[in-house]
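This briefing is arranged by topic for a reader who has the coordinates open. Please follow each group of points against the model shown here.

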Amino acid sequence: MAKAVEGRAVSATQREWAAVVQAIVAIVGSDAVVTALTHRLVYQWDGNTVFGGLPQAVILPRDVDQVEQVIRILSDHRIPWLARGSGTGLSGGAVAIQGGVIVDLARLRGPVQIDAIGPLARVAPGVTNLELNRAAAARGYFYAPDPSSQVACTIGGNVAENSGGSHCLKYGVTVNHLLGLEVVTASGQRLSLGGAAPDLPGYDLTGFFVGSEGTLGVVTEATVHLVKQPQAVRTVLALFDGPEQASQTVSDVIAAGMLPAAMEMMDRLAMDGVELGPYRVGYPSQTGAVLLIEVDGIEAGLPEQAEHIVAIAQHNGVQEVRVAQDERERALWWQNRKTAFGAMGNLSPNYYVQDGVIPRSRLPQVLQQIESISHEFGLRIANVFHAGDGNLHPLILFDDHQKGQREKAIQAGSAILHICVEEGGSITGEHGVGIEKREEMRWMYSDEELAFQGELRRVWDPQGLANPGKVLPT
Ligand SMILES: Cc1cc2nc3c(=O)[nH]c(=O)nc-3n(C[C@H](O)[C@H](O)[C@H](O)COP(=O)(O)OP(=O)(O)OC[C@H]3O[C@@H](n4cnc5c(N)ncnc54)[C@H](O)[C@@H]3O)c2cc1C
């Protein structure tokens, strides 16, 4: 069974460690250094509760100068460390599997600076995705990548994971909205990457940093592109007998030349979970799959698009199809969908989220294979996913009190990923590699390609101290 391990500052002796803590306290203050076991325990997991690790200390700097000085001290003493945002990551990226120090960026939360001409925003790493969106909305804009965890996850974490969300089908993921970054590298060097001007000369280091999962350094500020809020939105809810008809509808909508902002699907088990939660929609018991489709843009033409989607759903034998009548109804449908992961707690004591990508056209076949895996391992698997992108999120339900179930859940998850790769997809769509999928990286890349990635990592982090043991197989 996977367990959290007691952290250790790998190469520091007790005396050296005490001196390091003292030096860090002198920079950040004693109220920003956590060493008590009971407090460190809070940091032993992230959103992935399968892989854990206990840090030896947690540091909470208040500004960039403090981040820089702390990283330099850790670098000088060869102490491993990792950056942490809100800890909502789902691949074990924000846990200290090799001990060492967690640098928690929660206190770097200056006000969001909006430049409406850009339109762009400068954001501190500890600001949450929802806070950025609220600040943008007050000026008539929005920040497009919208992870379902947006109420909690930070912009620093979003950059590190290249996060996506429901509306990324049309608008793209984090990397498509990032103009520049301020970072502190693993050796404590402060760098400015990219910037607001288009097509900067030289290598695209911003692009390289995005999705690096805390292995290159710390994001201390992000400059992001904002999008004008659409004039109008139409949201369609379509109920089907099963995923086959729903998947066909997804493919037919795209084939008809439409690009909805979002196309989300849930299967029956996922519906059972959310219907027990606070945002009940009232799905009939005979419904096997639900599709939530949203189109946005200028008002002219949108009603026709929604009607076209309704017609396509009807052609595919939809049980019932509705267009949201008002903002209240639309918000309920979205809350119902966005709380689906947590709603698994209504069905099972534990669940394990997987994240794989497949070509959209293979959805029905792959969902059938996931059902076979569910029978093979004797575990229920709910499916809730970004159907338009072919980004699956199988939720494998298990009971940790039953011996062997956790291991079975991990094996079932791995079997699903295998199918994704065989189908020409990928081992992760948006949750990153972290510790969870480190070995599966071998399914995607040759030894030479992995070694090349390792060489690039060493340029940023010659001592291998930043988030060690993550992303690349050892
Ligand atoms: C219910 C739920 C729903 C989710 N839905 C989505 C979704 O729709 N789309 C999606 O993409 N993800 C989703 N996620 C996953 C997760 O929320 C994202 O990966 C998010 O970006 C993590 O942000 P965080 O602040 O919590 O980062 P953390 O979990 O704290 O850290 C994640 C990684 O980023 C690194 N990191 C954090 N901050 C920094 C920084 N300032 N500088 C450098 N590295 C840093 C960490 O070292 C770690 O490797 C979901 C998670 C949950 C629990």
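In strand 6, R122 is the bridge partner of Q113, and this pair belongs to the antiparallel pairing of strand 5 with strand 6 (residues 120-123), which runs over 3 bridges. Strands (E, at least two residues) and helices (H or I, at least four residues) are DSSP runs numbered from the N terminus, and two strands count as paired if DSSP finds at least two bridges between them. The model is a predicted one, in which local features need pLDDT of at least 70 and side-chain atom pairs count only at pLDDT 80 or more, whereas totals for chains, interfaces and linings use all residues. Residues are numbered from 1 along each chain as its sequence is written.

**Domains**

- The protein chain is divided into domain 1 (14-104), domain 2 (113-228), domain 3 (232-342) and domain 4 (348-422), with bounds that come from an automatic or database domain assignment.
- Taken over C-alpha atoms, the centres of domain 2 and domain 4 are separated by 30 Å.

- Strand 8 and strand 9 pair in the antiparallel sense over 5 bridges, and V183 stands opposite L191 in strand 9.

- Strand 2 (residues 57-59) and strand 4 (residues 101-104) run parallel and are joined by 3 bridges, and the bridge partner of I59 in strand 4 is V103.

**Helix 1 against helix 3**

- The axes of helix 1 (residues 14-28) and helix 3 (residues 64-76) come within 10 Å and cross at roughly 170°, where axes are lines fitted to C-alpha atoms, for helices over the stretch in contact, and angles run from 0 to 180 degrees between N-to-C directions.
- Helix 1 is therefore roughly antiparallel to helix 3, on a scale where angles over 145 degrees count as roughly antiparallel, those under 35 as roughly parallel, 65 to 115 as roughly perpendicular and the rest as oblique.
- The contact is made by V20, A23, I24, I27 and V28 of helix 1 and by Q66, Q69, V70 and I73 of helix 3, two residues being in contact if their C-beta atoms, placed from the backbone, lie within 7 Å.
- By class, this contact of helix 1 with helix 3 has 7 nonpolar, 2 polar and no charged residues; Ala, Val, Leu, Ile, Met, Phe, Trp, Tyr, Cys and Pro count as nonpolar, Asp, Glu, Lys and Arg as charged, and the others, Gly among them, as polar.

**The shell around the ligand**

- Of the 37 residues around the ligand, G85, G93, G156, G157 and G214 come nearest, where a residue is near a molecule or strand if its C-beta atom, placed from the backbone, lies within 6 Å of it.
- Strand 3 (81-84), helix 5 (155-161), strand 10 (217-225) and helix 12 (340-343) each supply at least two residues of the shell, and helix 5 gives the largest share, 5 residues.
- By class, the shell has 12 nonpolar, 20 polar and 5 charged residues, and it draws at least three residues from each of domain 1 and domain 2.

**Backbone particulars**

- The peptide bond from G118 to P119 is cis, with omega near -15°, and P119 is found in the loop between strand 5 and strand 6.
- Although E213 is not a glycine, it has a positive phi of about 55°; E213 is placed in the loop between helix 7 (205-209) and strand 10.
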